Amino acid sequence: MVSLSTRCAIWLAGALLAGSALAHDHGSHAPADGKPAAKVDYAKVWLEKQQTAPRLAVAADFDAVGKLWLARVVGQQIFVSHSPAAGKPFTEPVAVNRQPELISADGEARPQIAAVGDRVYVSWTQALPQPFAGHVRFAVSEDGGRTFSEPVTVNDDTRPITHRFNAMLADCRGVTLAWIDKRDGEGNVDYRGAAIYTARSTDGGRSFAANQKLADHSCECCRLGLAADSDGTPVVFWRQVFGKNVRDFALARLDEPLRRVTEDGWEIDACPHHGGGLAIDGQGSRHLAWFTGAEKSPGLYYRRIDGETMSPPLRFGNLDAQAGHPQVAVLGQQVVLVWREYDGRQHSVRQMVSRDRGGHWSSPSTITRTAGAADDPLLRADGKAVWLIWNTAAEGLKRVKVAL
């Protein structure tokens, strides 16, 4: 029987192939016959990947009246449409950026959308020709998504380096962006990982305050979790580099220092391309979901944090089926976990539900399947129900109401 750690290593190899294996390979490999290998043109490989990626990653958000807003990338433009309710047809899509540009929209990198009243905020990562380089871009509609402002670059360091994996949170008081940024490590070989930077607008997206650094030494390529605390303050959840190369998770409000919130001890000199999920309920409890490849206990985990108290990590998902990319959502007392699995023929989205704020959980069940390529799952709540939003190559966009 193959050991758990070996199964994890096999799974991880595929996850690292497209990104971090390239990121940590700074020279050519010598072939088995001992002859010099041709030097890899990383810039060319990077640009080709950005141009040919399937762009299945979408953004979705419900507004206060139950409209489902969708942002998706087609070619070199990002388009926004909305549905009057989950399950209803979408409106004709509107182009956000009139000038085409390369946009990251696959895997851990996805566009972001939020609708507050008549304002529709959209954020994305513009991929630059330099390997792993990007800019955080932003545009706003003030007329209910009919037209959009000229896009702006939010990162005020504009060198062609990493400003990527943006997350966005908006309410009636403003809009906050958070992203992974390499400006502090540029030219410093001793700097570990990247950093988490944020920017905030309090005038409806017309302008942003200066960028603020939240933390040094984040992992370089894992998506960020971003949610509002009970007082509205944004909270960020990300994979952090602790010590030399331990890649566990940290959590921080924008007005507080970071706090380590997982103790997996996953030591790896690479970015796993596997961020975590964060949801905060009405009582301020943090609900976390994440993946670790730590040899002693690889897999998916859930944890609830109440003040200084952290629940023991709860393992879920089938590692033999490559369980990964978890999402978590809350609706009142109910907590929903979803994740991806693959049985060798089909990708599926699996779920577990708790009706007592994470105290007890239902048995895992399958929500939906697809035989082709697919985006990672999204969970969105409309105030009455929790919905799975899942973009698939074979069947298009799926909207499935989660059975609570």
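My entries follow, from the whole chain down to single residues.

**Overall fold.** I noted at the start that this is a predicted model. I looked up the secondary structure and found 3 helices and 28 strands. Next I checked the radius of gyration, which is 20 Å. The globule rule gives 22 Å for 404 residues, so the protein is as compact as a globular protein of that length. I also took the box around the C-alpha atoms: along the principal axes it is roughly 65 × 50 × 45 Å.

I looked up how much of the chain is buried and got 55% of the 404 residues.

**Surface and charge.** The accessible surface comes to about 17,200 Å². Carbon and sulfur atoms hold 51% of that area. I found 46 positive and 45 negative side chains. The centres of the two sets lie 4 Å apart.

**Nonpolar cores.** I kept one background point in mind: in soluble globular proteins, nonpolar side chains tend to be buried together. Here the largest nonpolar core has 21 residues. Those with the most contacts inside this core are Ile180, Ile196, Leu214, Leu224, Val236 and Trp238. I then asked which strands supply at least two residues each. They are S9 (163–171), S10 (174–181), S11 (194–201), S12 (212–218), S14 (234–242) and S15 (246–253). I also noted a second, separate core of 18 residues, which includes Ala270, Leu300, Ala323 and Trp339.

**Leu224.** I listed the contacts of Leu224, leaving aside neighbours within four places in sequence. Leu224 touches Phe165, Ala167, Ala178, Trp179, Ile180, Ile196, Val236, Phe237 and Trp238.

**Gln50.** I found Gln50 in helix H3, residues 42–52. Is Gln50 buried or exposed? Its relative accessibility is 5%, and the cut-off for buried is under 20%, so Gln50 counts as buried. Not counting residues up to four places away in sequence, Gln50 touches Arg55, Leu102, Ser104 and Ala127.

**Ser365.** I found Ser365 in strand S25, residues 365–370. Ser365 has a relative accessible area of 28% and is partly exposed. Leaving aside neighbours within four places in sequence, Ser365 is in contact with Val349, Arg350 and Gln351. I checked the spacing to Gln351 as well. Ser365 and Gln351 are 14 residues apart in sequence, and their C-alpha atoms are 5.5 Å apart in space.

Technical notes:
Residues are numbered from 1 along each chain as its sequence is written. This is a predicted model: local features need pLDDT of at least 70, side-chain atom pairs count only at pLDDT 80 or more; totals for chains, interfaces and linings use all residues. Side-chain values use heavy atoms; hydrogens and water are left out. Helices (H or I, at least four residues) and strands (E, at least two) are DSSP runs, numbered from the N terminus. The radius of gyration is taken over C-alpha atoms; the globule rule is 2.2 Å times the number of residues to the power 0.38. Buried means under 20% relative accessible area, exposed over 50%, partly exposed in between (1.4 Å probe, protein chains only). Accessible areas come from the Shrake-Rupley method with a 1.4 Å probe; for residues, only the protein chains shown count as cover. Lys and Arg count as positive and Asp and Glu as negative; His and the chain ends are not counted. The place of a charge is taken as NZ of Lys, CZ of Arg, CG of Asp or CD of Glu. A nonpolar core is a set of buried Ala, Val, Leu, Ile, Met, Phe, Trp, Tyr and Cys residues joined through side-chain atoms within 4.5 Å. Contact means heavy atoms within 4.5 Å.
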